[in-house]
Each structure stands twice: as C-alpha cells, then as structure tokens.
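Please study the sequence and the model, then work through each task and its solution.

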Amino acid sequence: MTLGRLISGSRSTLLTPLLDGNPITLQVLGLCSALAVTSSLRPALVMGAAVISVLVFANVTVSLLRHVMPQSIRLIIEVTLIASAVIVVDEVLKAFVPDIAAILSVFVGLIITNCIVLARVESFALHNGVWASLLDGLGNGLGYAWILVLIGAVREILGTGSLLGYEVLPLIENGGWFEPNELMLLTPSAFFLLALLVWTIRWLRPTQREHTQQRHGDGRSSGVSP
Amino acid sequence: MTGDLIGIVFRAIFVENLALNFLLGVCTYVAVSQRVTTAVGLGIAVTAVQTITVPLNNLLYRHLLAPEALRWAGIVGLDLTFLRFITFIGVIAAGVQVLELTLDRFFPRLQHALGVYLPLLTVNCAILGASLFMVQRDYDFSESVAYGFGSGAGWALAIVLFATIRERIDETAVPQGLRGLGLAFVITGILAIGFVGLRGLEF
Amino acid sequence: MNERESVARTLGIATGVAVFCSLLVSLAVLWLRPIQLAYASIERNRAIVEASGLVAPGTPLDEGEIVDLFLDLETRIVDLDAGAFSDAVSAATYDFRAAINDPDQTIPIPAELDIANLGRRPVHLPVFLLRDGQVIERIVLPIYGQGMWAMIHGFLSIGADFATIEGVTFYEQGETPGIGDRFLEPAWLAQWRGRPAYNENGQVVLRIGAGQASPPTTGAIDAITGATITTSAIERLVRYWLGDDGFGPFLAAQRDAAQ
C-alpha cells in the first residue's frame with residue numbers, strides 16, 4: 001500500500017465517524033449515557049473522554065487478539081475487556097475528578113453496555129489491524145463526544161446562562177437580560193436537541209438514513225441496524 | 001414494610017422510570033419499537049430478567065463485594081466493590097441465557113418474535129443500570145426484588161407507550177429530515193416531559 | 001476441529017485474558033485507592049471545619065488550608081454509652097467511618113429508639129472542639145442516618161451552652177438531584193443557626209415541619225417542599241443523635257458540668 005493511500009485511508013477511518021457515519025445520529029448507538037449526563041458541559045466532557053478511552057482500549061486489544069480469538073468465547077472476552085477498561089476509567093475518575101464522578105455516578109459503569117463500544121469491536125476491530133482499529137475507536141469516540149459536548153454546552157448556556165461555571169449570558173437577577181430556560185435542565189430537553197441535530201445533519205447530508213426494522217409479522221428483520 | 005415495597009415499585013415505574021427519567025435502554029427501543037406486540041414482548045422479557053438479576057446481584061454484592069462482606073469466610077479488610085461491573089454483567093448474561101432457554105421451551109413464538117434482540121438484552125443499559133442503582137441505594141433483598149420488578153415494569157410501560165405512538169405517527173406527514181430517528185427522539189422527549197411531572201412525588 | 005477452536009487454545013486464551021484484565025484492574029485500584037481515600041477525608045474535614053464556624057460555609061479552601069484549619073480543632077473521642085470523653089481509643093487514629101461498618105465496634109440499637117434506621121451504632125465517636133483558651137466554644141458532632149436513597153452523613157455544630165445548634169453541614173448523600181438534595185442549599189442550612197436543640201428539661205425540641213419559617217428562637221425548621229422523605233429523614237437522624245441513644249447523655253453531662 002502506498003504511503004499516500006495509507007494516509008488517506010487512515011484519515012477517512014478517523015474522520016468518517018465524525019459526521020457521515022456518526023455513531024449516535026446515524027448508527028443510533030450509545031444513546032443511553034449520552035443524554036442523562038449532558039445537563040452541563042463539564043460532565044459531558046468527562047464522559048466523552050471516558051468513552052473515547054474505553055473505545056480505543058477495546059478496539060486495540062480485540063484487534064490484537066483477533067487472529068487467535070476462539071469463536072465460542074468471543075463475546076465474553078470482548079465484554080470482559082470492555083468491563084475491565086470501564087472499571088479502570090471509573091476508578092481514575094473517582095480519584096482525580098471526584099465531584100464529576102459523583103455526577104456521572106452509574107453512567108460510567110454503563111459504558112460497558114454502551115452499544116457503540118460493542119458494535120465497533122464486533123464490526124471493525126475483529127477484522128482490521130491495530131492502527132486502523134485505534135483510529136476507528138478514536139474517530140467513533142470523537143463522533144460521540146462532540147455531540148455530547150454540543151448538547152451539554154447548549155443545555156448549560158440556555159439553562160443557566162453560564163458555561164463551565166462562568167457566567168456567559170448576563171442573568172436578569174444580575175442586572176442582565178437573560179432569563180434561563182429551565183426546561184433545558186430537564187432530561188427531555190436532550191431528546192429535543194438531539195432531534196434538531198439529527199434534522200440538521202440530515203438536511204446537510206440528505207443521503208443519510210438509518211436502517212430500520214421492516215414490519216414483518218413475525219419480527220423477521222431486513223436491514224437491521226448494527 | 002410492605003408499604004415500603006409497594007412504594008418502591010411505584011417510584012420505579014412512575015417517578016424514576018429507567019427509560020424516561022434516566023434515558024436507559026433507549027438504543028434498543030428507538031431502533032426497534034415499531035410494533036406494539038414486539039414492544040410488549042420485549043417489555044415482559046426485560047421485566048423478567050430484572051426481577052431475577054437485581055436480587056441476585058444484591059446477594060452477590062452484599063455477601064462478596066461490599067466492604068467487610070467476606071467476614072463470614074473469615075477474610076477482613078477487603079473492599080471489592082470495584083468488581084461490581086464485571087460481576088453484574090456476568091449474572092445478567094447468565095440470566096438472559098436462562099430466559100432464552102425458558103422461552104425456547106415454553107414460549108417459542110415470543111422467542112422467535114424477539115429474534116436477535118433477546119441476546120442483546122445482555123448489553124441493555126437499563127438492566128445493568130437497575131443493578132447499579134440498587135447498589136447506590138443500598139437496598140436489601142426484598143427491596144431488590146421490588147425494585148427489579150418495578151424498574152422493569154416501568155421500562156416496559158415506556159417502550160409500549162412509545163411503540164403505540166410510533167405506529168400511528170408513521171402515517172402522518174413529517175418533514176423528510178425528521179422522519180424516523182428525529183421523530184423518535186421528539187416523541188420520547190414529550191413522553192419524558194409527561195413523566196417529569198411525576199418527579200418529586202414521594203410515596 | 002479448527003486449530004483456533006481447540007479446547008486447549010480456548011482455555012489458554014481465556015486464562016490469558018483473565019490474567020491480563022485482573023492485573024490491569026488490580027494495579028489500577030492499588031494505585032488509585034489511596035488518592036480516593038485522601039479526597040474523601042479532605043471533604044470530611046472540610047465539612048468539619050465549616051461546621052465549626054472557623055470559616056463561612058462555601059468559602060473556597062485548598063487542601064493545605066483545610067488541613068491547617070482542621071488542626072486548629074481538638075479531636076476527642078466520646079464514649080456514647082458512658083456519656084463522657086474517653087481515652088480508650090486514640091483520637092488521632094480512630095477511623096469512625098470504618099467503625100460504623102465493623103460489627104466489633106458497634107452495638108445494636110433497640111428498635112424503638114432506632115428512628116434513623118441505622119441498625120447498629122458505634123460505641124465511640126470523635127467530636128471536634130473549638131476552644132478559646134480552656135473554654136469550649138463549639139463542639140462538632142458527627143451525625144448520619146438513612147436518607148431516601150442512601151446514607152446521609154454530616155456534622156452538627158453545638159454552641160458553648162451544649163444546647164444550641166450553631167450550624168450543620170452535610171458531606172455525603174445520595175438524594176434525588178434537584179429536589180431532595182436541596183437540603184444542601186446554604187439558605188436552608190442557615191435556618192439551623194441559633195436553634196435550641198433541647199428545652200429546660202433536656203428534651204429534644206428540634207423539628208422540621210411544613211409552614212412558614214418560624215422565629216429563630218423555636219426549635220422548628222421549615223421543611224423543603226417536594227422533598228418530604230428526605231427532610232423527614234434528616235429530622236429523624238438529627239433527633240436520634242441528639243437523643244438518649246446518641247450524644248444526648250454526653251451533652252447533658254457537659255451542660256451539668258458547665259453549671
């Protein structure tokens with residue numbers, strides 16, 4: 001493979017999941033932890049970093065093992081590796097940013113069940129080399145993280161007028177003009193913002209459409225989402 | 001005591017609904033719930049798995065992992081709480097396997113209808129989430145049974161509500177970019193707001 | 001059978017992954033646990049320092065400042081059963097949080113007295129004294145009890161007369177975010193200042209009830225709307241620790257001695 005092709009291949013592995021193949025908005029993955037932690041920016045940033053770390057670790061380790069992994073225990077090995085990474089990340093957060101860790105509480109543990117991780121491991125890391133898997137993990141992690149950060153930032157600004165604790169929009173009670181929108185502090189607002197985001201992305205990229213389960217009487221699916 | 005248990009069940013279904021308040025298990029149902037019958041089946045399966053796994057995880061946590069839990073074996077000074085993730089996932093995987101075998105034996109049509117989503121229950125955030133909340137809230141065994149059942153039932157309620165709405169909405173006129181995924185988010189958001197009104201209700 | 005699927009291979013890979021993950025997790029926890037414990041004890045000491053009145057609640061303090069201020073307080077051990085100071089346990093090394101979970105250091109609470117739902121309580125608890133010369137100006141007591149979702153831990157600050165509440169802080173809780181945890185708001189906590197804990201007969205008069213905020217001379221604190229279970233839990237845990245099975249006898253003895 002020429003160097004040029006190698007570089008462009010790597011670049012697309014890294015960049016595709018940011019918009020065109022975004023795990024949340026296209027692949028419908030990883031919603032769970034996405035929405036509940038985005039009421040302000042800081043937890044969203046920490047959560048994004050946590051997911052990127054777990055995703056990269058899982059992708060790299062599974063890719064390293066892909067030639068020797070027996071089929072019979074494949075899934076349990078993947079889950080074990082992911083769970084171990086999550087345990088380490090959880091303990092690191094509790095040690096270095098304990099106040100954020102308290103906010104994230106059970107949602108860090110839920111990264112284990114975060115569909116993105118298992119989906120990328122199964123569909124990419126099992127069939128690709130270590131470097132590509134690393135990039136794929138990084139790309140999908142970033143694709144997930146920027147959505148979280150965007151929603152977290154919007155909710156914090158519109159909900160409290162501040163960002164990362166610093167007042168950005170002058171509140172009425174401080175002599176300004178901004179009346180905080182308390183709906184933004186409630187979890188359903190994350191859904192609405194996500195809907196707007198998906199709409200915007202699909203307006204920009206009209207070819208995007210997720211694979212949905214067709215309605216067959218007995219649950220047979222055609223074109224199932226990953 | 002029974003009053004407390006019923007209170008736990010009600011709170012789990014209405015006030016702290018796993019799907020609509022904590023947004024857990026949402027992946028599955030946004031991608032799946034387009035037929036009410038499938039949704040009902042999935043809801044029952046999740047409730048069953050949770051009623052089994054939450055109390056089981058409670059026993060394991062209290063007698064193996066919690067600080068000083070291994071006293072009965074003579075081992076002191078040990079705090080193994082950090083192993084809860086991997087233990088719970090193991091129990092859930094086993095629980096789902098047992099459920100699959102049971103369905104295969106006694107309710108094969110339901111098993112066929114759920115298809116690939118049955119084994120995927122192992123990585124359903126709501127099921128793991130319920131066990132993690134049980135630890136955070138320090139429930140005892142009977143409370144865990146109540147909570148396992150209640151949280152599963154609450155999730156089932158949410159997904160069935162959602163599927164019912166979705167079946168109808170697919171026939172209306174919706175902007176192209178919002179169709180499908182975007183609309184699913186909006187519906188869930190509105191449902192969630194409805195449940196927010198129940199927040200703070202203490203039984 | 002496929003070479004990859006052989007039993008030996010499967011066992012080998014399974015064992016290898018298990019060993020690798022165990023090492024990874026164990027090393028991480030070994031490295032991080034001391035840092036986490038240090039943070040927990042710093043937060044606890046911050047709550048003690050705030051309760052003692054040495055700094056106003058909410059004052060930003062760094063680790064060094066917290067340690068310095070904490071060392072300005074005198075730590076003594078109280079034997080709850082004897083109702084007096086005790087030197088049976090070393091004040092410098094006694095870990096009361098560990099004692100709470102230790103069946104050897106706790107005794108069961110009779111069901112009719114157990115309004116805070118604790119089951120057992122330690123025999124010895126540390127108290128933190130702010131002295132002015134020889135006189136005790138403030139005494140800070142550790143209090144805890146079962147909240148709606150998890151244990152609530154805090155410190156109650158009693159004044160020089162051993163009968164008036166000067167303040168309360170909470171440093172650990174798991175109540176409903178946005179509703180139950182509103183008891184952490186400074187405005188609500190400020191209501192506690194100056195409230196009598198006991199009447200002339202030594203009975204606990206502190207209450208948390210619905211209604212308008214009552215004058216500061218009575219023992220009644222305003223409840224939080226929508227957080228009935230949480231505020232009721234706090235009332236019960238404070239009344240327990242002020243009561244006969246908690247610090248009640250100790251405080252009564254101190255009041256008598258001061259006369």
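**Exercise 1.** Determine where Lys94(A) and Glu91(A) lie and how many residues apart they are.

*Solution.* Step 1: Lys94(A) and Glu91(A) both belong to helix α4 of chain A, three residues apart, about one turn of the helix. Helices here are DSSP runs of H or I with at least four residues, strands are runs of E with at least two, and both are numbered from the N terminus.

Step 1: Their side chains form a salt bridge at 3.5 Å, N to O; the term denotes a side-chain nitrogen of Lys or Arg within 4 Å of a carboxyl oxygen of Asp or Glu.

Step 2: Lys94(A) is partly exposed, with 30% relative accessible area, whereas Glu91(A) is buried at 2%. Buried stands for under 20% relative accessible area, exposed for over 50%, and partly exposed for values in between (1.4 Å probe, protein chains only).

The model is predicted: local features need pLDDT of at least 70 and side-chain atom pairs count only at pLDDT 80 or more, while totals for chains, interfaces and linings use all residues. Residues are numbered from 1 along each chain as its sequence is written, chains are lettered from A and ligands numbered from 1 in the order in which they are written, and side-chain values use heavy atoms, with hydrogens and water left out.

**Exercise 2.** Locate the two partners of the salt bridge between Arg97(C) and Glu172(C).

*Solution.* Step 1: The side chains of Arg97(C) and Glu172(C) come together at 3.0 Å, N to O.

Step 1: Arg97(C) lies in helix α3 (residues 96–100) and Glu172(C) in strand β8 of chain C, so parts 75 residues apart in sequence are tied together.

Step 2: Glu172(C) is partly exposed, with a relative accessible area of 35%.

**Exercise 3.** Describe the strand order of the open sheet in chain C.

*Solution.* Step 1: The sheet has seven strands in the order β2-β1-β5-β6-β7-β8-β9, with antiparallel pairing. Two strands pair if DSSP finds at least two bridges between them.

Step 1: Strands β2 (84–86) and β9 (195–196) of chain C form the edges, each pairing on one side only.

Step 2: Helix α5 (residues 228–242) of chain C packs on the sheet and touches β5, β6, β7 and β8 of chain C; its direction makes about 130° with that of β6(C). Contact requires heavy atoms within 4.5 Å. Axes are lines fitted to C-alpha atoms, for helices over the stretch in contact, and angles run from 0 to 180 degrees between N-to-C directions.

**Exercise 4.** Examine strand β7 of chain C: is it mostly covered or uncovered, and what does it pair with?

*Solution.* Step 1: In β7(C) (residues 151–159), eight of the nine residues are buried, so the strand is mostly covered.

Step 1: Nine bridges join β7(C) to the antiparallel strand β6(C) (residues 135–146), with Ile139(C) and Ile158(C) as bridge partners.

Step 2: Six bridges link β7(C) to β8(C) (residues 164–172), again in the antiparallel sense; here Ser157(C) has Gly167(C) as its bridge partner.
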